Amino acid sequence: MALSVLETHVNVGEHALLNVGTSIAHNGSLGRCCSLGPGVRLAGWVALGDRCDLGVGCCVRPRVTLGPDTRVGAGGAVVADHPGSVTLVGVPAIPLPRA
């Protein structure tokens, strides 16, 4: 959690991994076993479900909720809520089709 910034009223679940340079704004919430890559930015009122994985340099806009088992590719910009078990990529982040 070196060089990470956690503002007020942030809840971090058990076994969560916050890499270097991670920033979580006020009233954020991370579920259990979440992993945030280096340089990830979460705006205010963001909620991540259990086992979410955000790649290097991702950003999540304010008041967005990501369900459990959501993955976001490196550099992705999440601007809307998404249910669980989805992989998001791009700017703005959109779901990859299932194979």
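## Parallel sheet

Strand β4 (residues 23–24) and strand β7 (residues 41–42) run parallel and are joined by 2 bridges, and within this pair Ser 23 stands opposite Arg 41 of β7. Strands here are DSSP runs (E, at least two residues) numbered from the N terminus, and two of them pair if DSSP finds at least two bridges between them. This is a predicted model, in which local features need pLDDT of at least 70, side-chain atom pairs count only at pLDDT 80 or more, and totals for chains, interfaces and linings use all residues. Residues are numbered from 1 along each chain as its sequence is written, and side-chain values use heavy atoms, with hydrogens and water left out.

The β4 and β7 strands belong to an open sheet of 5 strands with parallel pairing, in the order β1-β4-β7-β10-β13. Its edges are formed by β1 (5–6) and β13 (77–78), each of which pairs on one side only.

## Backbone exceptions in loops

Most residues other than glycine have a negative phi, and most peptide bonds are trans. Arg 63, although not a glycine, has a positive phi of about 60 degrees; Arg 63 is found in the loop between β10 (59–60) and β11 (65–66), and is exposed (over 50% relative accessible area, 1.4 Å probe, protein chains only), with a value of 58%.

Asp 69 likewise has a positive phi, near 65 degrees, and is placed in the loop between β11 and β12 (71–72).

## A cis peptide bond

The peptide bond from Val 91 to Pro 92 is cis, with omega near -5 degrees, and Pro 92 lies in the loop that runs between β14 (87–89) and β15 (94–95).

How values were computed: Helix = DSSP H or I, 4+ residues; strand = E, 2+ residues; numbered from the N terminus. Buried < 20%, exposed > 50% of the residue type's maximum accessible area, 1.4 Å probe, protein only.
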